[in-house]
Amino acid sequence: MKTDYDGERDVTNNIDQWLAMPDDACRPSLFSTCRARLSIAGTQDKLPCIARGGRYILPAPGTPTTHIVKPPSPFFPGLPENEAFCLDLASACGLPCAESGLDFRRDGVLFVTKRWDRRSRQDRIERIHQEDMRQVLGLRPESKYQESGDYGGLPAIFEAARRHGIKGPGGTDPAMFLAMAAVFSWLAGNCDAHAGNFAVLHGPEGPQFAPLYDIVCTRVYPNLATELAMTIGGASDAQAVREEDFVQLAGELDLAPECLLAEAHRQKEALRRRLAARPASGMGAEVARFVEERCADVDCWQDPRPRAECTQPFAPPSSVPQR
Ligand SMILES: Nc1ncnc2c1ncn2[C@@H]1O[C@H](COP(=O)(O)OP(=O)(O)OP(=O)(O)O)[C@@H](O)[C@H]1O
Ligand SMILES: [Mg+2]
């Protein structure tokens with residue numbers, strides 16, 4: 001492909017200028033402001049790049065990017081903080097998730113995530129092919145919501161995983177991974193866990209689900225729907241989810257009900273420990289208030305002893321260059 005540059009290009013100043021622009025809905029995307037070329041799927045503005053030594057670099061043509069930067073949204077206040085906080089909570093629950101953090105710049109904050117579809121080999125960064133579950137299920141890119149009849153939600157993803165031999169991250173049980181993700185998304189108030197937010201990595205170990213990413217507590221934005229992108233058991237609205245819906249989901253994923261109920265209690269306790277250890281402020285505090293309410297719901301559920309097959313030891317994420 002012909003480009004107007006042949007080496008790396010430092011776009012840190014472009015990013016800082018973008019952050020300093022008046023925050024209205026009409027400003028250009030960060031992506032176009034940086035004159036980036038390789039776009040990435042999804043509805044939010046984002047910039048694939050290399051984050052190195054506090055700078056943001058567009059790689060030389062043909063060289064892989066290692067990070068994805070998501071700037072603040074004019075529509076959803078505190079979105080970078082929200083996503084970073086949710087992924088931090090997921091990590092505190094022992095779930096495999098994209099290594100991510102915040103970069104506080106002078107005029108705004110960026111969400112920065114390391115790409116899990118990269119690996120380093122002999123000092124080189126290599127791409128690992130990824131496809132999201134919309135692609136695996138043969139859906140249109142805009143297909144998101146189970147209630148619109150687009151697809152069969154978590155059971156359909158599980159069925160596809162079984163058919164194609166897709167394992168959980170690190171070769172773990174895919175059903176338990178999907179169950180753990182569903183429990184966490186509900187506890188975190190993330191109503192947008194659609195098929196496009198589950199991806200498959202085609203690495204040397206064979207197909208495996210990518211770590212969790214794009215987890216946002218959508219419930220803190222009152223103008224967003226509370227319908228779940230994928231139902232949990234018989235519940236299609238986040239506010240209507242009950243213990244029996246997780247029992248139903250367990251059946252749909254071929255798991256014992258005890259696995260899901262024990263998992264909900266396990267995550268609840270991990271979340272409470274994390275929130276008590278490091279009290280949140282700002283957007284984090286808003287998300288925390290919501291998570292505490294969900295944890296209180298789980299207090300009323302049966303608390304079975306976890307069975308051996310319900311536990312899932314996840315390997316630490318593979319390494320990509322540090323920012
Ligand atoms: N850490 C990561 N490593 C590799 N690929 C990623 C990572 N984070 C996101 N992606 C890829 O980028 C796509 C879009 O990212 P993401 O889902 O976070 O954005 P979004 O715009 O918020 O999406 P949505 O349309 O679901 O709102 C993902 O579907 C995935 O393919
Ligand atoms: Mg997404």
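This is a predicted model: local features need pLDDT of at least 70, side-chain atom pairs count only at pLDDT 80 or more; totals for chains, interfaces and linings use all residues.
Residues are numbered from 1 along each chain as its sequence is written, and chains are lettered from A and ligands numbered from 1 in the order in which they are written.

Q: What makes a residue a contact of Leu-47, and which residues does Leu-47 touch?
A: Two residues are in contact if their C-beta atoms, placed from the backbone, lie within 7 Å. Leaving aside residues up to four places away in sequence, Leu-47 touches Leu-30, Phe-31, Cys-34, Ala-36 and Val-69. For the protein chain, 67% of the contacts with a separation of 6 or more are between residues 24 or more positions apart.

Q: How do you know what the radius of gyration of the protein chain agrees with?
A: The radius of gyration is taken over C-alpha atoms, and the globule rule is 2.2 Å times the number of residues to the power 0.38. Because a compact globule of 323 residues would have a value near 20 Å, the 20 Å of the protein chain agrees with it. The C-alpha atoms fill a box of roughly 60 × 40 × 40 Å, taken along the principal axes.

Q: What makes S9 and S10 a strand pair?
A: Strands are DSSP runs of E with at least two residues, helices are runs of H or I with at least four, and both are numbered from the N terminus; two strands pair if DSSP finds at least two bridges between them. Four bridges join S9 to S10 (residues 199-203), and these strands run antiparallel, with Asp-132 opposite Ala-199 in S10.

Q: How many bridges join S10 to S11, and in what order do the strands of the sheet stand?
A: Four bridges join S10 to S11, again antiparallel, with Gly-206 in S11 as the bridge partner of Gly-203, and a hairpin joins S10 to S11 through two residues. The three strands form an open sheet in the order S9-S10-S11, in which S9 (129-132) and S11 (206-209) are edge strands, each pairing on one side only.
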